[in-house]
Amino acid sequence: MNDYETVVGLEIHVELSTITKMFCSCKTPTLQDKPNTRTCPVCLGLPGALPIPNLQAIEDCVKIGLALNCTINRNSFFERKNYFYPDLAKGFQTSQFLLPFGEKGYLDITVNGSPKRVGITRVHMEEDTGKLTHSSVNGREVSLIDFNRSGVPLVEIVTEPDIRSGEEAKVFLTELQKIIRYVGASDADMEKGHMRLEPNISLRNPGETSLPNYKVEVKNINSFRFVEKAIHYEQKRHKELLDKGETPTQETRGWNEFKNRTVSQRSKEEAHDYRYFPEPDIPPVTISDEQLDRLSKAIPELSQAKTKRLIDDLGLTPYNAEILSRDSETAQFFEDALEAGKPENINATTIANFMINKKIDIKKTTPSNFIKTIINQSSLVKIDQSVLEAAISKVLKENPDAVKSYKDGKTQILGFLIGQTKKVLPDANDTDQIRNKLQEMLQ
Amino acid sequence: MDISKLTIVDIIDGYKEKKFSISEVVGSYIERIEKLNPTLNAFITIDKDSALRKAKESEKKDFKGVLHGVPFGIKDMFLTKGVRTTAAAKILEDYIPQYTGTAITKLEEAGAISLGKLNHDAWAHGSSGENSDFGNTLNPWNKDYIPGGSSSGSGVAVTAGLSTFATGTDTGGSIRLPASFTNTVGLKPTYGLVSRYGVISMASSLDSIGHFTKTVKDSARILSVTAGPDGKDATLRQTLENDYEELIGKDLKDLKIGVPKEYVSEGLSNDVKEVFEKALRTLENLGAEIIEVSLPHTDEGIAVYYIIQPSEVSSNLARYDGIRYGKDRSHFGKEAKRRIMLGTYTLSSGYYDAYYKKAMQVRTLIKKDYDDAFTKTDVLVSPVSPTPPWKFGEKANDPLAMYLSDALTVTINLAGVPGLAVPAGFSTNNLPIGIQFMGPHFSEKLLFQVGHAFEQDTKLYEKEPTI
């Protein structure tokens, strides 16, 4: 792979987690919903139906744009992308073309310890299509359309062709997923298809700066690992062709996870003419000063910044910091626990170690209860038995009255004797250990 | 009973005075439709049983609204739940909608009773009605002549007394032209005033939802019902108006009425010229000041319109792919195919800038023309069509000639301002000729004021065709 440079750009579709769809008031469907039960005239594209844009979705898209350091187009509009497909109810997809809500951004990642900046070309808002299933009903081969997904809000993120390896792609996508979760735009759950990934791959000779004269798009991949594998596979395939003096065919391929390889889907693809034009049914969208200000403020400290702060300011190991910053809930729990632990002088490293090593389920406890657990478990100092015995002998000798009381049945005097022992052994804090030894020696 | 002359106001008064019952009125309309429709072909679907049933129910029910018991016809571009809606196109010949659009819902909630669905040029593409896949609608004033399009059945239903009022859509003149050719009042409201939800889209940025009536007062009454946001059409504006009859009866003193010189300088037939000049004298006699104004980009109107409109049409008709409902695309008529091809071409990459983008820029200039004109005048007036109705077949094979008949109507659709067509006279061979009043955005009240004053002076609504 040394003799060629890999050039990869990514297209990522993110399904937003809004309550309702992009252009109608249908609830966004779950995978459990029966086909075509989450539909209305608008998302079915019935005659006469008109779209009403979902403001929440637009704001989520702007937030993703802001988090990816994009320029926000404050005066934007929707456009129609015209093409025919059976799952496309209206014969066009309402999308954005000329003025995406966000463009010209970047995301910094770290790959094998080295920093890397990946340019973000655009972040735009669009709607999902229906879903085709090809099956057999009563012995007849049929294609079925489920329009539940039709009109679900999607944000499309397109990167510059800055990615040079499968590994870089994977790191980028992992970071992007964290950001999307942090801004609260989507659960970004790969298993539920919330993120659909399309790498565009080609190879060029080292030193070349212009884009190769071909590219291969691998469509609809649903896991970061498969993206990485698909890139590796394509690198090898392209190299073999290029070595023979051939140019790989410009085409669309798919990832076959069972065969562990990409397969050709559509070759010699004609350049699509989507005949974009401004969607006349939706007035232009203006992002006001107030809105932009509110959305900027709504973006929390993102995972990278948080990781850095946990390392630099709190002295956590990079490993711990990264784990605790992966999602905003865990990060928030950590920060709250840190606050709750302050009066007890429990430091960040102790909390971090506890959260990670003991695999604390943050949904089943509160930060303050968690701190109590730490106090009860972690900070107990085990005193050497002989040292403890010596200390207790001393205490018993000095407090004959207490010993007498205890033997007379006033067992509550034990507390006093524990306290006296702790005075002799300032480090001893394992009350249970002291109590057990005292009881033993008082027998 | 003779219902052919009844206006909405007459019917409501008649109900109040118990001159007749709702069932009698609706029954008489159905009878008249059954008698005349085989000749005139104004209705595609007659909703007889439902109309008679609703009439009976309305008699028992409390007063629903200002249109309680008023029968009306619906252009077949408006979706009606459970009642076949064809767009006058073969493709949707058997299409039964699952929902009813906003305008019809509002009218029915105000008590109006649908008599059925009216004929028009398929997909509202046309100026004569001849593009319908359900046959020509004849002009009752002379059956050899076209009634104007695209809302051919709506104009004919109202002038022939087949319904008290009728709904229409106006994308480039589709209400005003047939109103002008049938001696009826046709309103094209401001874009963004009446919801388009549930009306089959032709060209989304131009489509205006309006209606045909015998009188201006009736027109205002209907707009009071249909206007206003519904939460389903994102292009609607909130307005504070609700009583569009408010200025009706007010005189025209101190009003400045502009005549766009580009509209009248050339190309008008003698008949139209004569009727229009007489109309100007009438307006002057009513106290208005007539002044000449200029709309410098009028000439570009048709060119701009015939780029933007087919572009949007080509996209809006894409859903009729024969997969889920209706017939397949081979059933599109010639005119629809022509517009799909024109629009697909003008939106294609490499041509977009030269056609669509340029047209949108000129559209902005046309809007500005109107804004400028309305700084000097209150309303504008012009003929609706350069000629009276023409004979069937005369322009049917010459699409360009047909397109040019919209020369005086398309520009206000591009500008988004309202227009009210009112009867103004007759040609030498007794065919109706109308004029249109045009005002600034959301100036419908003013148009009704002017239209009503003109109509009360001319009383042309009293004239009826001999069928």
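Predicted model: local features only at pLDDT ≥ 70, side-chain atom pairs only at ≥ 80, totals over all residues.
Is the crossing of α5(A) and α6(A) left-handed or right-handed? Two packed helices are described by the angle between their axes and the distance between the axes. In chain A, helix α5 covers residues 303–312 and helix α6 covers residues 318–325. Their axes come within 8 Å and cross at roughly 145°. The crossing of α5(A) and α6(A) is right-handed.

The residues that form this contact can be named on both sides. Helix α5(A) contributes A:S303, A:K306, A:T307, A:L310 and A:I311. These meet A:P318, A:A321, A:E322, A:L324 and A:S325 of α6(A).

From the helices of chain A, the reader may turn to the interface of chain A and chain B. Here 30 residues of chain A are in contact with 36 residues of chain B. The area buried between the two chains is about 2600 Å², and carbon and sulfur atoms give 58% of that area. In chain A, the residues that lose the most area to chain B are A:P47, A:L50 and A:R275. Together they account for 23% of what the side of chain A buries.

The rule finds one salt bridge between chain A and chain B. A:D281 forms a salt bridge with B:R196, and the closest N and O atoms lie 2.8 Å apart. Strands β4 (79–82) and β15 (277–278) of chain A each supply at least two residues of the side that touches chain B. That side of chain A consists of 21 nonpolar, four polar and five charged residues.

In chain B, which residues does a cis peptide bond join? The bond joins B:G149 and B:S150, with omega at about 5°. B:S150 is placed in the loop between β3 (113–118) and α5 (152–159) of chain B. In chain A, A:N138 has a positive phi of about 50°, although this residue is not a glycine. A:N138 is found in the loop between β8 (131–137) and β9 (140–146) of chain A.

Key. Residues numbered from 1 in each chain as written. Chains lettered and ligands numbered in written order. Heavy atoms only, no water. Contact = heavy atoms within 4.5 Å. Buried area = accessible area lost by both parts, 1.4 Å probe. Salt bridge = Lys/Arg side-chain N within 4 Å of Asp/Glu carboxyl O. Helix = DSSP H or I, 4+ residues; strand = E, 2+ residues; numbered from the N terminus. Nonpolar A, V, L, I, M, F, W, Y, C, P; charged D, E, K, R; others polar. Axes fitted to C-alpha atoms, helices over the stretch in contact; angles between N-to-C directions. Left-handed = near helix turned anticlockwise from the far one by under 90°.
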